[in-house]
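Subject: Structure handover

Hello,

Here is the structure I said I would pass on.

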Amino acid sequence: MSVKNTVKKQYVQIVNSAAKQLASVRKPQEGWLLVLRKALGMSGAQVAIRAGVSRNAIYQAERNETDGAITIKQMQKFAEAMGGRFVYAIVPENGAVSDIIQKQARRKAEDHIKRASAHMALEKQSLTSKQTAQRIDDLANELIRDMPADFWEVK
């Protein structure tokens, strides 16, 4: 096994491990800053004093979080001011890294096989649906194994 493949496997393990640990974690509708502050029974003014900012900055940060406009640095600062720790991760939406790769390979394989099948149909050489499915599976597996340079390109 090459060093490149070993490193890739390590990255996959990191992401898959995080995905398993965070599978049930969802951002609350009100945002983490407000939820933690309310859970602690702290006012915005109290968090502001601890963070060394204005009270309005706290309320603005809470709004920014729900709007998706807050920075990582701000989240860290306000989490620490409340005695918390900000954690973030990017994990597969459903499942593992291999699921994302499999889905992309299948998408590319289906596109390729369907284009080829259309040409074959014009020449009265159509594949059966079973043959088409098998070719898609075979090509998807080949794409996963060889991972061509254009693997992630969308057409």
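Helices here are DSSP runs of H or I with at least four residues, numbered from the N terminus. With that numbering, α4 gives the largest share of the lining of the largest cavity, 3 residues. Please keep in mind that this is a predicted model.

The cavity first. The count comes to 1 cavity of 30 Å³ or more, and the volume of the largest cavity is about 40 Å³. Its lining consists of L33, R37, V47, I58, A61, E62, F78 and M82. Both α2 and α4 supply at least two residues each to this lining. Sorted by class, the lining of the largest cavity has 6 nonpolar residues, no polar ones and 2 charged ones.

Next, the two helices just named. Two packed helices are described by the angle between their axes and the distance between the axes. Helix α2 covers residues 32-40 and helix α4 covers residues 55-67; their axes come within 8 Å and cross at roughly 130°. An angle over 145 degrees would count as roughly antiparallel and one of 65 to 115 as roughly perpendicular, so α2 and α4 are oblique to each other. On the α2 side the contact is made by W32, L33, L34 and R37, and on the α4 side by I58, Y59, A61, E62 and E65. The residues of this contact divide into 6 nonpolar, no polar and 3 charged.

Now the open spaces. The largest pocket has a volume of about 900 Å³. It is lined by 30 residues, and those nearest its centre are V25, W32, V87, Y88 and A89. The elements that give two or more residues to this lining are α1 (3-21), α2 and α5 (72-81). By class, the lining of the largest pocket has 20 nonpolar, 4 polar and 6 charged residues.

The second largest pocket holds about 240 Å³ of space. Of its 13 lining residues, R107, K108, D111, E153 and K155 are the closest to its centre. Helices α6 (97-122) and α7 (129-146) each supply at least two residues of the lining, and the largest share, 6 residues, comes from α6. The lining of the second largest pocket has 4 nonpolar, 2 polar and 7 charged residues.

Regards

Technical notes. Residues are numbered from 1 along each chain as its sequence is written. This is a predicted model: local features need pLDDT of at least 70, side-chain atom pairs count only at pLDDT 80 or more; totals for chains, interfaces and linings use all residues. Side-chain values use heavy atoms; hydrogens and water are left out. Axes are lines fitted to C-alpha atoms, for helices over the stretch in contact, and angles run from 0 to 180 degrees between N-to-C directions. Angles under 35 degrees count as roughly parallel, over 145 as roughly antiparallel, 65 to 115 as roughly perpendicular and the rest as oblique. Contact means heavy atoms within 4.5 Å. Ala, Val, Leu, Ile, Met, Phe, Trp, Tyr, Cys and Pro count as nonpolar, Asp, Glu, Lys and Arg as charged, and the others, Gly among them, as polar. On a 1 Å grid over the protein atoms alone, a cavity is a set of points where a 1.4 Å probe fits but cannot get out, and a pocket is an open set with protein on both sides within 12 Å along at least five of seven lines; lining residues have an atom within 4 Å of a point. Grid points are joined across faces, edges and corners, and a volume is the space filled by probe spheres set on the points.
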